[in-house]
Amino acid sequence: MTDVTGTNGELVTADGRPLRASLARALRRQKLQALLLVAPLFLFILVSFVLPIADMLFRSVENSIVAKVLPETTTALRSWDPQGDALPGEEVYAALYRDMLIAAKNRTATRVGQRLNYESSGFSSLFRSSARKVKRIKAGPYKPAMIKAHKKWGKLETWQVIANYNARYTPGYFYAAVDARIDTDGGVTMQDEDKRIYVNLFLRTLGLSLTITLATLVLGFPAAYLLALLPTAKSNLLLILVLLPFWTSLLVRTTAWIALLQQQGVINEFLVFLSIVGTDDRPRLIHNQVGTVIAMTHILLPFMVLPLYSVMKTIPKSYVRAAISLGAHPWRAFWAVYFPSTVPGIGAGAILVFILAIGYYITPDLVGGTSGTFISNRIALHISSSLNWGLAAALGVILLGIVLALYLLYDKIVGIDNMKLG
Amino acid sequence: MPGGARDALPDMVDEGSDVAETSSDGVAVGGAGGANDNAFVRFAEVQKSYDGISLVVKSLNLDIAKGEFLTMLGPSGSGKTTCLMMLAGFEPATYGEIYLDGQPINNVPPHKRDIGMVFQNYALFPHMTVAENLAFPLNVRRMGKAEVQERVQRALDMVQLGAFGGRRPAQLSGGQQQRVAVARALVFDPKLVLMDEPLGALDKQLREQMQYEIKHIHENLEVTVVYVTHDQSEALTMSNRIAVFNDGVIQQLAPPADLYERPDNSFVAQFIGENNKLTGTLAARNGTGCEVTLDTGESVKALAVNTGAVGERTMLSLRPERVMVDPGEGQCDTRVPGRVEELIYLGDHIRTRISVCGRDDFIVKVPNSTEHAGLAPGNDVALGWRLEDCRALDMPANE
Ligand SMILES: Nc1ncnc2c1ncn2[C@@H]1O[C@H](COP(=O)(O)OP(=O)(O)OP(=O)(O)O)[C@@H](O)[C@H]1O
Ligand SMILES: [Mg+2]
């Protein structure tokens with residue numbers, strides 16, 4: 001042996017350096033090279049994916065607009081008790097006047113109005129008209145002047161909302177996302193029955209996703225089994241058929257389902273032709289939950305078949321044969337021996353389909369009508385129409401949280417190491 | 001293989017089995033059905049084709065006695081596994097009938113055949129413990145809990161894995177998994193046990209140990225075993241009889257010693273053990289003996305085992321240990337000159353490569369004794385052998 005032992009018993013290389021340090025130095029170059037190779041992709045993902053998402057998620061709590069546009073008012077309001085039943089004093093109205101003057105010049109007043117309008121309707125017009133009228137106020141006292149400009153300034157509730165929502169960060173969007181709100185007195189209560197939508201929408205999204213996952217499993221399992229059973233040449237051909245949907249656009253596939261499922265569509269016409277249903281009581285297959293489930297099951301089916309197939313392909317034929325030779329009826333051999341071996345594939349397929357389904361947007365939007373839409377359709381609505389990005393972000397955070405929780409649950413039950421994607 | 005050779009094979013074997021019936025000591029050899037009515041397993045004229053174009057098993061007749069350890073030995077693709085699968089019921093016979101204990105079983109589904117099986121990859125169920133694996137065939141048979149437990153323990157003890165019942169197969173070494181597979185195939189007292197290259201994945205030392213253990217179990221339980229391997233030493237050490245397969249045909253069916261000492265045809269002679277071959281033409285025939293003129297002109301006396309008419313080509317087979325170097329007068333029937341090419345020292349004997357009669361791959365095992373101490377490469381030596389040790393066989397198709 002040529003290795004040398006250093007003074008403290010540690011192995012050293014020929015030049016006297018500790019072996020561990022030499023090894024680390026030798027490996028550093030390799031690590032650096034590897035890092036350089038992935039750096040462009042890493043940067044791309046960071047800039048185009050991670051940062052925008054982080055920014056979006058941050059919006060779910062961010063609330064600086066009120067404090068930014070009405071800095072003096074917010075400061076002055078601190079000495080006012082929102083729980084009491086007196087309006088703020090003159091100094092608050094004076095601060096409001098000065099803030100509004102600047103806001104009117106910078107055209108930021110409407111933005112505060114919009115923000116506060118999410119919490120209580122009427123704020124949008126309040127700020128818009130106040131910004132117009134504030135320029136005409138020449139001198140104090142400002143309290144009666146402001147109230148004269150808009151009578152809402154004389155209402156206790158207006159000031160309570162401003163006081164509740166002037167912090168830089170607010171949990172308000174999250175309360176809204178679970179159908180709760182911050183009361184005028186600062187406490188949290190549930191929305192009125194008729195205004196609750198999000199909890200039900202979340203439950204519906206989870207329920208439909210579960211249904212879709214089960215449907216893909218029931219349809220995909222036999223298909224994957226057949227693929228795994230056939231000789232490679234034939235199974236490759238069939239595999240192309242499984243993958244074929246990926247070659248057409250999602251939109252095309254979804255619209256194809258509209259053609260098939262609508263009232264005068266192919267399926268209904270066929271059912272009428274077979275006299276299974278009368279022409280007047282054709283079942284509604286689209287623009288409801290049925291449509292969403294059918295179309296999404298079809299679209300997500302490959303994500304179930306592929307992991308199942310890749311697991312089944314690795315299960316040796318001899319397992320089932322061994323069970324049969326030991327006296328088990330082929331059915332029993334299948335359930336006792338083959339099926340348990342496919343569990344990692346079922347787990348992988350199910351979690352993949354479920355996570356994809358829970359965030360699906362286009363298909364439920366096109367075929368879901370009002371009863372078959374998902375939470376992501378609501379998120380999209382807030383992003384593009386109502387422009388309530390804070391609420392959209394809060395809903396997104398909750399969705400992400402649910403997915404991560406399910407993922408951890410799956411890890412606990414089945415184990416991520418057991419998951420096989422191909 | 002060229003088509004001509006394939007056509008020639010069935011004829012060749014018919015000739016071969018005629019000779020075998022006289023030469024092997026009264027052991028029943030696969031002949032026409034009905035020769036042995038108390039056979040435990042019988043293949044009667046079984047043929048098998050997967051694709052409808054070529055036969056993978058060609059007209060197989062084979063009787064296996066109760067309690068016998070029969071090995072199917074042959075090169076890759078010769079149809080051994082196919083025969084085993086037909087017997088187990090996983091492949092239907094294309095033609096012919098298979099009998100088990102007197103009953104035709106072609107229409108009996110595999111799970112009702114009561115045949116234990118050991119697969120090459122063991123096929124232990126990965127999600128069950130060792131004990132659950134062993135209990136599986138017993139539970140399938142609705143055995144009582146106590147009896148299941150007792151039998152499982154007995155089977156585990158039999159393969160010296162008494163303490164391993166709670167482990168998963170993945171937590172066992174290859175040899176241990178193999179033992180579990182054997183125990184599982186035996187735990188439900190099957191009439192017949194099939195083993196398809198059960199030791200193929202083990203290293204040499206472990207393989208030899210397992211050969212001994214399987215043999216031991218076979219003797220203790222008196223169970224009938226059909227064993228498949230392409231390792232000839234495994235076949236020779238374990239079996240009562242060996243069926244040598246080639247190209248879907250049994251080339252010879254005989255006890256190990258017969259197979260080695262008295263090969264019926266050139267395939268068996270070359271497949272089993274080490275073989276020296278010399279080629280020539282049959283010059284004359286007299287009773288069991290014959291005279292062969294080698295391609296280089298020498299005349300050699302041989303035992304006519306499997307030859308055609310006078311004037312046809314023949315291959316002579318000589319085992320390396322039956323060739324004598326510098327034989328004394330009267331010790332041998334044939335003497336030829338040769339030259340030493342290479343010596344390989346192996347302790348108890350010296351492997352000597354000698355060029356003889358135009359071939360330079362002639363191997364002789366020379367005992368490591370003082371009388372042969374002078375052998376050196378380049379020396380001229382005389383080689384000799386007795387008539388009985390030189391077997392005149394059919395000419396291999398590729399020569
Ligand atoms: N399922 C199958 N389909 C088609 N041909 C097959 C099938 N199984 C085996 N064959 C063919 O039948 C022939 C005999 O195969 P078999 O598996 O019986 O050989 P073997 O003697 O067991 O060989 P090995 O020693 O390699 O296991 C081979 O040519 C093989 O290609
Ligand atoms: Mg085989």
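1. Let's start with a helix pair in chain A of this predicted model. Helix 15 (residues 317-325) of chain A packs against helix 16 of chain A at an angle of about 140°, and their axes are 9 Å apart. Helices here are DSSP runs (H or I, at least four residues; strands are E, at least two), numbered from the N terminus. Axes are lines fitted to C-alpha atoms, for helices over the stretch in contact, with angles running from 0 to 180 degrees between N-to-C directions. The crossing of helix 15 and helix 16 of chain A is right-handed (the near helix is turned clockwise from the far one by less than a right angle).

2. Who touches whom here? Helix 15 of chain A brings Tyr319(A), Val320(A), Ala323(A) and Ile324(A), while helix 16 of chain A brings Pro330(A), Ala333(A), Val337(A), Tyr338(A) and Ser341(A); contact means heavy atoms within 4.5 Å. By class, the residues of this helix 15 and helix 16 contact are 8 nonpolar, 1 polar and no charged. Ala, Val, Leu, Ile, Met, Phe, Trp, Tyr, Cys and Pro count as nonpolar, Asp, Glu, Lys and Arg as charged, and the others, Gly among them, as polar.

3. Helix 16 (residues 330-358) of chain A has another partner to look at: its axis and that of helix 14 (residues 289-313) of chain A come within 8 Å and cross at roughly 150°. This crossing of helix 14 and helix 16 of chain A is right-handed, and the contact residues are 17 nonpolar, 4 polar and no charged.

4. Now the chain interface. Chain B gives 22 residues to the contact and chain A gives 18. Between them the chains bury about 1,700 Å², 67% of it on carbon and sulfur atoms; this is the accessible area (1.4 Å probe) that two parts lose on being put together, summed over both. On the chain B side, Phe90(B), His111(B) and Phe136(B) lose the most area to chain A, together 32% of what that side buries.

5. Between chain B and chain A there is 1 salt bridge. Arg321(A) pairs with Glu91(B), the closest N and O atoms being 3.8 Å apart; the rule asks for a side-chain nitrogen of Lys or Arg within 4 Å of a carboxyl oxygen of Asp or Glu. Helix 3 of chain B gives the most to the side that touches chain A, with 4 residues.

6. Over all chains the count is 29 salt bridges. One of them joins Arg98(A) and Glu72(A), with the closest N and O atoms 2.9 Å apart. Arg98(A) lies in helix 4 (residues 90-106) of chain A and Glu72(A) in helix 3 (residues 71-77) of chain A, so the pair ties together parts that are 26 residues apart in sequence.

7. A note on conventions: residues are numbered from 1 along each chain as its sequence is written, and chains are lettered from A in the order in which they are written. Local features need pLDDT of at least 70, and side-chain atom pairs count only at pLDDT 80 or more, while totals for chains, interfaces and linings use all residues; side-chain values use heavy atoms, leaving out hydrogens and water.
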